[in-house]
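Trainee: I would like to learn how to read a structure such as this one, feature by feature. Could we look at it together?

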Amino acid sequence: MNLDFSWLADPYYQYWLLRGLGTTILMSVLGLVLMMVIGIAGALIIHLRVPVLATWTTLFVEMFRNTPPLVQLFFLYFMLSEMGLTLTDPATGQRIPIFSGFTCAVLSLGLYNGALAIEIIRSGLLAVPLQTVEGARSLGYSRVQTFRYIELPIGLRLSMPAMTNNVVSLIKTSNQAALVAVADIMYTATQIMLENFRNLEVMIFVWVVYVALSSLAVVAMRYIDRLIRIPGYGAVA
Amino acid sequence: MSMQMRTFILGMIGVPALLALVFLTVYGEQAGAIIARILPRVPMLLTGSADFSSLEGGFVANILISLWSMAIAIVTGAMLGTGLIARSAFVRLPSSLVMNLLRNSPWLVVLFAMLYLLPFEIEIFGFTVSLSPAVKAVIGLALPVTANIAEIFRGGVQAIPSGQWESASSLGYRRLQILRHVVIPQALPLMVPNLMTMYSMLFIGTSLVVVTGANDVLSVARTIIAVDGDAVATAIYIFVLLLFFLFCFPIAILTRRLEHRVGTSHP
C-alpha cells in the first residue's frame, strides 16, 4: 500500500481544511458552553427537587441519553425548518431560515451532551460529603445558597474526570454535523475526497486531526482541573 | 429498586407522550393525515421490507449489526485488555497506544476509514468472501468498541485485590492461569454493567452506519423521506427516535439495577 499525501501541499486544500477546522472548533466551543449551561441548570433542578420541573428534566435526560445524537440532529434540522421560522434578509428580500445547519448542530450537541452533563454533575453533587452540607446549613445558608456556594463548587470539581470524557465525546460527535452539510473538517474532507479520490489518505488525515483535538481537550481539562483544585482537598493525581 | 421502577415507568410513558406532544405541535391539524401517510411505511422502517417478508434491513439491521460488533469486540477487547495489564512493556505499551488511538477517534471517521481501507472482497483459502457494507459497518463499529471494552476489562481486573494474585501464584498458577481461573470469574460481575452501557452506546452508534450505505433504519428513513417529501420528515424522525428509545431505555434501567446490586455506581 502506498499512501500519497502530496495533496496536502495544495494551498487551496490547506485553506479549506483550516476553515473546516475553525468551524469544528467554533461549533465545539459553542456546544460546550450550551452543554455546561444545560448541565448546571438541570442538575440544580433535579438536585433541589423542584416539583414539576424535576420530572420534565428527568424525561429530557432519559430521552436524549437513549437516542442517537445523529437522529436528534436530523430531527431538529427538519423540525425547525418545518415550523418555518425564517428571517427576511433586508438586502435581497430572500427568506433565510433562522436555524441554519450550524445552529442545529450546536443545539443538538448542547442538548445531547448537556443531558449527559446533567447526570455527571448530579453524581458529583451527590459525592459532596454530607457533613460539609450540614455544616453550611448550620451556619445559616439557605438551600439555594448552600447549592451556590458549597455544593456546586465542590461537586463540579469532583465531576471533572467524567466531564473530560464528555467533552471529548462532544468533540467527536461534532463531526456528525457534516451530514447536514455544515462545512466542518469532516465535510471538507468528503469534498476533497470527491476531487482527488485519495479517500484513505484524507480519512487518515482527519482521523489524526480528531485524535489531536481530543488529546488537546484532555490536556486542557487536566490543566483546568489542576488550576481549580482546592489545596489539600480531594485526591492528588 | 422501586426508584428505578418508577423512573422506568415514567420514561416509558413520559417520553413517548413528549414525542407525541412535539408531533402534534409541529403538525397541528394535519396530524391525522400525516399519520395515515406514514403508517404504511412502518414495516419498511422496522424490517426493510414493505410486508415483513424479510428481516434484512431497517431497525432489524441495526440490531443485527450491533450484536455482531459486540460479539467481535468482546473477543478482541478481552485480548487487548490482557495486553494492557501484561507485565512486559513490549506488549503493554503498544496495546496502550492502540487503545488510546481507537478510543480518541470519532466513530464516524473510523467507519469512513474502514469503508475505504477494507477491500471490496477478500480471498480466504480459495473462497471469495465479498465484504458488504453491513460487514464493513460491523468491523468499523467493533474497532472503537474494542478499545472501550479493553479499558473496562483492565478496570475490572484491577478492581480485584492483589492478594488474590499473590495467593494464586503461591499455589503455583501461572499468570494467564490466574487471570482465567481466579481473577476473571470475580471481575466479571463488576464488568457486566459497564459492558451493558457500552452495548447501549454501540447501539446508539449504529445510527452512523448510514454513511456506509448499509440498509439500516436511517437509510430507509431517508429513502422514505426522498419518496414522500419533506413534509413527513419530522414525523419519520420522531418515529425513529422512539424506536431507539424503546430499545435502549430498558437496557439503561437494567444496567442501573445491576450496578445497584453489584454496588458500583456511576462515577
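Trainee: Where in chain A is the place of A:Ala181?

Mentor: Before anything else, please keep in mind that this is a predicted model. A:Ala181 sits in the loop between α7 (160-173) and α8 (185-196) of chain A.

Trainee: What is the value of phi of A:Ala181?

Mentor: The general idea is that most residues other than glycine have a negative phi. In this structure, phi of A:Ala181 is near 65°, a positive value in a residue other than glycine. A second case is A:Phe197, whose phi is near 60° and is likewise positive in a residue other than glycine; A:Phe197 has its place in the loop between α8 and α9 (199-228) of chain A.

Trainee: How much confidence does the predictor have in chain A, and which elements have the lowest and the highest mean pLDDT?

Mentor: Chain A averages a pLDDT of 86, and 90% of the residues score at least 70. Among the elements of chain A, the lowest mean pLDDT, 63, belongs to strand β1 (residues 86-88), while helix α1 (residues 11-47) has the highest, 92.

Trainee: Turning to the other chain, how many helices and strands does chain B have?

Mentor: Chain B has 11 helices and 2 strands, and when you follow the elements from the N terminus, the order is α-α-α-α-α-α-β-β-α-α-α-α-α. Along the principal axes, the C-alpha atoms of chain B fill a box of roughly 75 × 55 × 30 Å. Of the 267 residues in chain B, 39% are buried. If you take the contacts in chain B between residues at least 6 apart in sequence, 70% of them join residues at least 24 apart.

Trainee: In which sense do strands β1 and β2 of chain B pair?

Mentor: A general point about strands is that in a regular strand the side chains alternate between the two faces of the sheet. Here strand β1 (residues 121-124) and strand β2 (residues 127-130) of chain B pair in the antiparallel sense over 4 bridges, and B:Ile122 stands opposite B:Val129 in β2(B). The hairpin of β1(B) and β2(B) has 2 residues between the strands, and B:Phe125 takes a positive phi near 50° in this hairpin.

Trainee: Which elements of chain B give two or more residues to the side that touches chain A?

Mentor: The general idea is that the size of an interface is often given as the accessible area lost when the parts come together. For this structure we can count contacts instead: 35 residues of chain B are in contact with 34 residues of chain A. The elements giving two or more residues to this side of chain B are α1 (2-27), α6 (107-117) and α11 (233-262) of chain B, and the largest share, 11 residues, comes from α11(B). By class, this side has 26 nonpolar, 8 polar and 1 charged residues.

Trainee: Why is B:Ala233 called buried?

Mentor: B:Ala233, which lies in helix α11 of chain B, is buried because 22 other C-beta atoms lie within 10 Å. Leaving aside neighbours within four places in sequence, B:Ala233 is in contact with A:Phe78 and B:Ile225. B:Ala233 and B:Phe23 are 210 residues apart in sequence, yet 11 Å apart in space, C-alpha to C-alpha.

Trainee: How many residues has the largest nonpolar core?

Mentor: The largest nonpolar core has 124 residues, and those with the most contacts inside it include A:Val71, B:Ala221 and B:Val240. The largest share of this core, 14 residues, comes from helix α4 (residues 101-126) of chain A. Leaving aside neighbours within four places in sequence, B:Val240 is in contact with A:Val71, B:Val217, B:Leu218 and B:Ala221.

Trainee: Which residues of chain B does UniProt list for "transmembrane region"?

Mentor: The unreviewed UniProt entry lists residues 60-85, 97-118, 195-214 and 234-254 of chain B. In the model, the span 234-254 is 100% helix and 0% strand, with end C-alpha atoms 30 Å apart, whereas residues 195-214 are 55% helix and 0% strand, with end C-alpha atoms 25 Å apart.

Note on methods: Residues are numbered from 1 along each chain as its sequence is written. Chains are lettered from A and ligands numbered from 1 in the order in which they are written. This is a predicted model: local features need pLDDT of at least 70, side-chain atom pairs count only at pLDDT 80 or more; totals for chains, interfaces and linings use all residues. Two residues are in contact if their C-beta atoms, placed from the backbone, lie within 7 Å. Ala, Val, Leu, Ile, Met, Phe, Trp, Tyr, Cys and Pro count as nonpolar, Asp, Glu, Lys and Arg as charged, and the others, Gly among them, as polar. A residue is buried if 20 or more other C-beta atoms lie within 10 Å of its own, exposed if 12 or fewer, and partly exposed in between; C-beta atoms are placed from the backbone. A nonpolar core is a set of buried Ala, Val, Leu, Ile, Met, Phe, Trp, Tyr and Cys residues joined through C-beta atoms within 7 Å. pLDDT is the predictor's confidence in each residue, from 0 to 100. Two strands pair if DSSP finds at least two bridges between them. UniProt positions are given in the numbering used here, feature names are shortened, and annotations may be inferred rather than shown by experiment.
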